[in-house]
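Welcome! Please take a moment to look over the sequence and the structure below, and then we will walk through two parts of it together.

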Amino acid sequence: MQESILYRMADANINRTVEGLRVLEDVCRFILNNTRLVSVIKEWRQKIAVLPMATTKRLLWQRNSLQDSGKEIVPIKEASLRDSASIVVANSRRVQESLRVLEEIAKDLTMELDSNTYREARYVLYDIEKDILGRLLRKQYQSTAGRLYVIVDTSVLPTNQILTATAAILRSGVKMIQLRDKKMMHGQLLELAVKMCQLCKEYDALFIVNDYADIAVLSQAHGLHLGQQDLPASQARKILPADAILGISIDTAEQAVQAEREGADYIAVGAIFGTSTKAIDILGIARLKEVLIATTLPVWGIGGIKTCNACEVIAAGACGVCVVTAVIDQPNIEQAATNFLQVISNCQ
């Protein structure tokens, strides 16, 4: 009798585990388009679902779903789930709890189940839940970014004008701003970043810090942007909160592939055209298209982009354009940003 109860419990919890893993797998496949996570989850799903035939038979013979007293109970919160993040949390919890039950049941040697396998899977799922949820939240942030990404560069604009310029940009409707600085002391830069971040949050816009992970974290920025000579993306991801956006500047398709592999959420490729802010090679639209083929990440075009050529970049497949002088080095910054937004709203 005791053995039959244990097999029935094991069967129910294996089913819950596999079903929950399948939900997580499909979120990673269809929403996140992340092949690495899909592969990891599928491997564990199959490892737990596929058992020796003798064990499978014992589990099936003890199954009695129609008489299960818990089948009609639906948690109130779970019944009202609507967004993907809530679905991930609910199914992660279901999987983790079921694995814990299986871990304990499997300690009975007559069950012919491996307790260590369930324990290992449970700890793997703790990290996977964090990874999936962070990616979903970052994806939601990016959906609000629009097509214009303005970089506020202290080499172009005096420090004492940065906040005024930021407010002007935000009033125009821009939803993504980056602070780029190569000269300020870190204490001063942090103070400025905190104020810019607060402004951006008041306008429901994203605030990104260039180069410095510590400043991004301490200012509670929405994310960090790195160049090829900065902190490696894989290391930056360890420092940043799970929901922090990570952008990487690249100039080759190979760099784009590596950035995606190491945890980047978007990439900026350039210079597409000639630019006065950086002495770098002009890559052109052809290189932009090569990068777009190589990655599934959102790709921003940067470098020498103006209202007269922005649509060419977007038509090539970029999600939007990054600009510096075309907005912040103009007599009327708010009007310049407004004009840019109007132009790209009509891009095909």
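What follows is a short tour of a helix pair and then of a group of strands.

This is a predicted model, in which local features need pLDDT of at least 70, side-chain atom pairs count only at pLDDT 80 or more, and totals for chains, interfaces and linings use all residues. Residues are numbered from 1 along each chain as its sequence is written, and side-chain values use heavy atoms, with hydrogens and water left out.

Let's begin with the helices. Helices (H or I, at least four residues) and strands (E, at least two) are DSSP runs, numbered from the N terminus. Helix H5 covers residues 84-105 and helix H6 residues 115-142; their axes come within 9 Å and cross at roughly 175°. Axes here are lines fitted to C-alpha atoms, for helices over the stretch in contact, and angles run from 0 to 180 degrees between N-to-C directions. H5 and H6 are therefore roughly antiparallel to each other (angles over 145 degrees count as such). Contact means heavy atoms within 4.5 Å; among the residues that meet are Val-88 and Leu-99 in H5 and Tyr-118 and Leu-125 in H6.

Now turn to strand S7, residues 299-302. Val-299 and Gly-301 on one side, and Trp-300 and Ile-302 on the other, are all buried (under 20% relative accessible area, 1.4 Å probe, protein chains only). Strands pair if DSSP finds at least two bridges between them. S7 pairs in the parallel sense with strand S6 (residues 266-269) over 3 bridges, and Val-299 is the bridge partner of Ile-267. S7 also runs parallel to strand S8 (residues 320-323), joined by 3 bridges, where Trp-300 has Gly-320 as its bridge partner.

Terms used
Angles under 35 degrees count as roughly parallel, over 145 as roughly antiparallel, 65 to 115 as roughly perpendicular and the rest as oblique. Buried means under 20% relative accessible area, exposed over 50%, partly exposed in between (1.4 Å probe, protein chains only).
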